[in-house]
Amino acid sequence: MVVTYSDLRSKTVLVTGGSRGIGAQTARAFAAQGARVCVVARDRSALDTVVAGITSAGGAAIAATADVTDAAALVRVREQVEAELGAVDVLGAFAGGQGAPVPTVELTEERWREVLDAELTSTFLTIQTFLPSMLERRAGSILTMSSSAGRQPSQANLAYGVAKAGVGMLTRTLAAEIGPYGVRINAIAPSSIRTEKVAARMPPAVQEQVAAMHPLHRLGTTDDVAQVALFLASDAAGWLTGLTIDVAGGRITSS
Ligand SMILES: NC(=O)c1ccc[n+]([C@@H]2O[C@H](COP(=O)([O-])OP(=O)(O)OC[C@H]3O[C@@H](n4cnc5c(N)ncnc54)[C@H](OP(=O)(O)O)[C@@H]3O)[C@@H](O)[C@H]2O)c1
């Protein structure tokens, strides 16, 4: 079923982590709604592939290469997207994905800092880069990327769970600050999404075991997440802010 959000047509949407996985599918979903999309990541050729897919389907997209832990690089992305597509209306701060399990005694200080940077500081820096223009225009919708690992203890490494829990609190706290300006922010907390990376790295038997741990008895798809992103960004969710939505096939233990 394809849901159309007419207010998303012609919006400028920027998705970090847009070179693959959840971010790429979310960019495709926004483009299919008629939005102009900028995908951001480090891998230029992967970004170009996503842009080519969107444009060949009749959509409008550009790519911007940046490491989202680098504030100066994010400023360059903002300058590029504003020049080429206009000010960002919808910001998806989705880059991340450093959840691979590591026993805590083997989690080095360097790795702890890297994961906090990649998942949490990057979210802060991305928002700080694009928020001033939204506040000035008194409009905008921000989507952040938490995880089931930030909602309850999991097998992901400790730094990842802590960072993703931090994304949830960043979202709740900032919602109160920016709500009076008409800017909304909501987090998505997926569990076990079958991205290209998961499909390649997780043996099929393990995928089946993980699927069975979810009440809906399957892994999530990148489109399960993208559809929630569309809704949260749209005017249909105009009274929602500060939430974390579990896109988790019913595998939820916290409210
Ligand atoms: N898949 C799941 O089951 C799941 C569950 C819960 C939460 N999540 C979260 O959902 C988000 C997307 O995950 P995914 O599974 O789609 O991951 P993925 O397939 O590994 O993709 C990660 C994306 O983030 C980008 N990225 C990572 N670090 C970056 C950096 N420093 N600067 C710029 N781009 C960066 C990657 O691009 P480049 O490598 O090209 O830079 C890529 O586009 C992540 O935040 C992840 O933690 C995923």
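Colleague: How far is an oxygen atom of the ligand from an N or O atom in the side chain of Arg20?
Modeller: The separation is 2.6 Å. That falls under polar contacts, pairs of N or O atoms within 3.5 Å (within protein, one must be able to donate a hydrogen and the other to accept it, and residues adjacent in sequence count only if both atoms are side-chain atoms).

Colleague: What sort of model is this?
Modeller: A predicted one, where local features need pLDDT of at least 70 and side-chain atom pairs count only at pLDDT 80 or more, while totals for chains, interfaces and linings use all residues. Residues are numbered from 1 along each chain as its sequence is written, and side-chain values use heavy atoms, with hydrogens and water left out.

Colleague: Back to the ligand. Which atom of Ile193 is 2.7 Å from a ligand oxygen?
Modeller: A polar backbone atom of Ile193. Phe94 also uses its backbone, with an N or O atom 2.9 Å from an oxygen atom of the ligand.

Colleague: And how much of the ligand's accessible area does the protein cover?
Modeller: 93% of the 880 Å² that the ligand has on its own. Areas are Shrake-Rupley with a 1.4 Å probe; for residues, only the protein chains shown count as cover.

Colleague: Which elements give two or more residues to the shell around the ligand?
Modeller: Helix 1 (21-32) and helix 5. Helices (H or I, at least four residues) and strands (E, at least two) are DSSP runs, numbered from the N terminus.

Colleague: How many residues surround the ligand?
Modeller: 27, and the closest are Ser19, Arg20, Arg42, Tyr160 and Ile193. To count, a residue needs a heavy atom within 4 Å.

Colleague: How do they divide by class?
Modeller: Ten are nonpolar, ten polar and seven charged. Nonpolar is Ala, Val, Leu, Ile, Met, Phe, Trp, Tyr, Cys and Pro; charged is Asp, Glu, Lys and Arg; the others, Gly among them, are polar.

Colleague: Where is Ser192?
Modeller: In the loop between strand 6 (183-190) and helix 6 (196-201). Ser192 counts as partly exposed because its relative accessibility is 30%; buried is under 20%, exposed over 50%, partly exposed in between (1.4 Å probe, protein chains only).

Colleague: And Ser10, what is its phi?
Modeller: Ser10 has a positive phi too, near 70°. Ser10 sits in the segment before strand 1 (12-16).

Colleague: Why does Ser10 count as partly exposed?
Modeller: Because its relative accessibility is 44%.
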